[in-house]
Every structure is written in structure tokens, then in C-alpha cells.
Amino acid sequence: MEWFERTKPYEADLIADLNQIVKIPSILDPNTQSDRTPFGVDMARALAKMEELAVRDGFRYGRVDNMVTWIEYGPADAAETVAILTHIDIVPAGEGWLRDPFKPEILDGLYFGRGAADMKADLMSAYYAMKYLADHEITLTRKIRLIIGTDEENGWRDLPRYFEVEGEPTMGFSPDGAFPVVNGEKAFQTVQLRFANQTTGDYVLRRFIAGSRPNVVPGEARARISVPNPAQVQNEFATYLAQYPFLSGQSEVRDQEVRLLLKGVQAHGAYPQDGENAGTYLANFLRRFAFNADAKAFLDFIGRVVHDDIGAENLGLRYHDDVMGDLTLNVGVMRFSQNGQGTILLNFRYPQGVNVQAVTTQVQRHLGDFAATVEVWPGGMEPHLVPETDELVGTLSLVYAKQTGMYMNPRTSNGGSYARLLKRGVAFGGQFPDVPVTSHQANESTPVANLTRSMAIFAESLLKLAK
């Protein structure tokens, strides 16, 4: 019997369990952080739900510092461990959803909900792959450990701590990427620009807000401005939007201020070409007016220097590596307030051959009149590459080829998964090549058929790696 036929009967139960996880808004919540809930109450609820499933299905499990839950199958005393590296945290829902992102639904064969693609569905498919092996009492030589983090979308403070306590697994994969095998991941580094907010004269930028995370292309931007002729700004804004059919927005005059809302296309910051950055487009519109001082420099930098430039060519950072590809830039967060300090977060993904010093140096060189300080955010990662000759890469590649009928060479990704934390770690699934990427986007979804399709690939892979 083919593996997909073996896993298909699990579909209804898998979806029922997935629903329970997606309903929990496991987003970093500073308001409910404590020693027992280091990333917020909802994150702890999500881990507890996975532990509840582990108890139901008879798995060993444990927790590290209330940050990571592990669930295990196989000989407890095994010298070697095959890890499945996952995370249960998600990015904020954002705007543009047609339905409640935390009330999962199936429509036209697609499973909708925040986290459906990144990465609760793949977490559950991996869990059920392990459950399949346990249900059939398959004997293993290596143990399998599903490791569930809670800080992947933010500071990566969870799995490094897990490795300190539990040690590094022998090898593993993270189903937080794509099929086929992703044996290389570019570096990712966020650079922060901090600056004063002086804005005076006839044109005053009261406030500018876009983005919530450095690794998300902002889908919405807002500004409040004081100008001599509000009607002129409103008319020009309507004309500007008409030039770009993928943008929408509105304007209103309130309390002698013009308030602008511009909507672009939200996307994962690892693939900025999939989105339309609402923040840089709004700045690109506003820079035509006679703002001065810090407001002028702010609008010029994000509305000209880094606007619509995902290759960072205007920063002098365009770079290509034959193995790992191109450097990319996402302008993830933009803040300007007349009464406070301003911030811009630039998220870079780059291949081997580039380093963070080169990135910060080039940003500094291209600030122009922008009096900003350039700082490197903690938590960045260098490029990661596992040789194609490694047993891990070969085994996973062959399983994928066998089950899909198509061999595809290992490749490099712009995304950053927990796989890079292992010397012998790769990303593997659950994004199939023929499925549009919806991670971090409104109306995030995954095909229902791929839930057990991924489960089948994971189950055979785990069997071959741990047998």
C-alpha cells in the first residue's frame, strides 16, 4: 500500500486536532509575559494543548523553561536522535481577512486560518507522522523527537535554550520550509535605524506608522499630516492610487489634519517580491510635498532609497551567489511620531559571501541627510548549508522523489527555519512547489489534501532516518 493511502484515513482526526491549535492566537504578548508564560498566556495554552495530545496518544513529553515542549517516540535510551524542529507561534493576523483568522474553515478544498501555512498545519502533519509510526508499533533504532518552539517569529530565544538543556540532536529537519529538501538557508539580519523626529514648517508629519514585524511586508500604512491645502493632498492621493491598481486607500480631513490610509499587499518578509510594501509606497507619495528636517529625510529614505528595491541596489548591496542566490531586503517597520523617537527596521536575507558588517556599512553610507543611527538587532543568523552528500539530504530527497514521482535537487531558501540551529539540519516541507505561498498574508491557507500528503512524506522519512 502506498504511503498516502496509509495516511489518508487520519485526515479527519488531524483536522480536528489542528482546529484546536489554530483557534489559539499564539502571538507574542508582552502584557501577559511571566516566568510561567515567557511569551504570553496564549503561547502557554498552545503548548499545553500539544501536551494534552501527547498524553492522549501515549507519547513521552516534557517542557524546557516554559518555552519549548518536546514529544518523543522510540527507544528512550537511544544514543541518537532524529529531530523535527517546529514552532507554534504565529505573526499577528493583520488586516484584510475575509473571515475570522482564529475560526478555521475549509472552503473549496483549502484550510483557512492564521498559522495554516506557517506552521501549525505542518506541525500537526509532523505530529501525525510520528503518531502513525507509534500506532503501528514500528521499532526504531534512533528516537524521534518533535520539538515545538514558541519564539520563531520574534527573537529565537527558545530553541537555543532547549539545546543548552537537552543537547543537540544527531540530525533533523524542520517542516517550516518547502519541498524538496532545503539544504541551505540564507543569513537573516535586521538592522534598526533610530532618529529624531523634528518636523516644522507649513508641512508637518505628525505621525507615520507601517508594519508590525521586520519579517513581514507591511500591508497597511497610515499617516497624519498638517498641510496648507488639504484638498490638494486628497486629490493627489487619489491620482497616485489610480496609478497602481494593486494599491487602495482613503483620506479624510479631521481636526485640521489630513489622515491617509494606504493598503498594499502583505507577504512574508523572506520573499518581499510577493508583496507590495504599503509603507514605502505611502512615503513615496508624501515625499513630493515640502516637508523639512527629519520628516523630509525619513520620507526620502523609505520613499526613494529603499522603495521598491528588494535587491538593495540603491544601498550598494546587490549581490549574487551561484549556490545560494541573491541578497534581498524587506522594509518591515516604519515609525515616525512628532513627539517621540523614530524607527525603521530593515530585514536583510543574504547568501554566503556577505557579512553583517558590510550590510551596516552600506546602510550608513547611503543615509544622506538622514541623521539616523544604525544598529544591528540581536538574534541574526549567518548562512547555513548542509552538503548534498549528507545522509540526511539524500534520504529526504529520495523519499520525496518516490512519493511524488519527481526528483528535485536540494535548494537554498530565503526563509529562516530552526533547521539552521543544527549542524545537520535542513528544512523539508510542508510547502509544495505547486502551491502559492500564503505565509504571513491575509487569508492564509493550505490545501486540505496536503495535510496527509505531507504526513505521508514525513512518516516514511522518519522511518528511514530512525530505523
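This is a predicted model: local features need pLDDT of at least 70, side-chain atom pairs count only at pLDDT 80 or more; totals for chains, interfaces and linings use all residues.
Colleague: What makes S4 and S5 a pair?
Modeller: Pairing needs at least two bridges between the strands. S4 and strand S5 (residues 110–112) have 3 bridges, in the antiparallel sense. Therefore they count as paired. Within this part of the model, Ile-106 stands opposite Tyr-111 in S5.

Colleague: Why are S4 and S26 called edge strands?
Modeller: The sheet is open, with 3 strands in the order S4-S5-S26 and antiparallel pairing. Strand S4 (105–107) and strand S26 (445–447) each pair on one side only. Neighbouring strands of this sheet are turned by 30° against each other on average, direction ignored.

Colleague: What makes the void a cavity rather than a pocket?
Modeller: In a cavity a 1.4 Å probe fits but cannot get out, whereas a pocket is an open set. By this rule there is 1 cavity of 30 Å³ or more. The largest cavity has a volume of about 40 Å³.

Colleague: Which elements supply at least two residues each of its lining?
Modeller: Helix H4 (120–135), S26 and helix H11 (449–466) do. Lining residues have an atom within 4 Å of a cavity point. Among those lining the largest cavity are Ala-121, Asp-122, Thr-446, Pro-447, Asn-450 and Leu-451.

Colleague: How do you know how the lining of the largest cavity divides by residue class?
Modeller: Ala, Leu and Pro count as nonpolar, Asp as charged, and Gly as polar. The lining includes Ala-121, Pro-447 and Leu-451, as well as Asp-122 and Gly-430. The division is therefore 3 nonpolar, 5 polar and 1 charged.

Key:
Residues are numbered from 1 along each chain as its sequence is written. Side-chain values use heavy atoms; hydrogens and water are left out. Helices (H or I, at least four residues) and strands (E, at least two) are DSSP runs, numbered from the N terminus. Axes are lines fitted to C-alpha atoms, for helices over the stretch in contact, and angles run from 0 to 180 degrees between N-to-C directions. On a 1 Å grid over the protein atoms alone, a cavity is a set of points where a 1.4 Å probe fits but cannot get out, and a pocket is an open set with protein on both sides within 12 Å along at least five of seven lines; lining residues have an atom within 4 Å of a point. Grid points are joined across faces, edges and corners, and a volume is the space filled by probe spheres set on the points.
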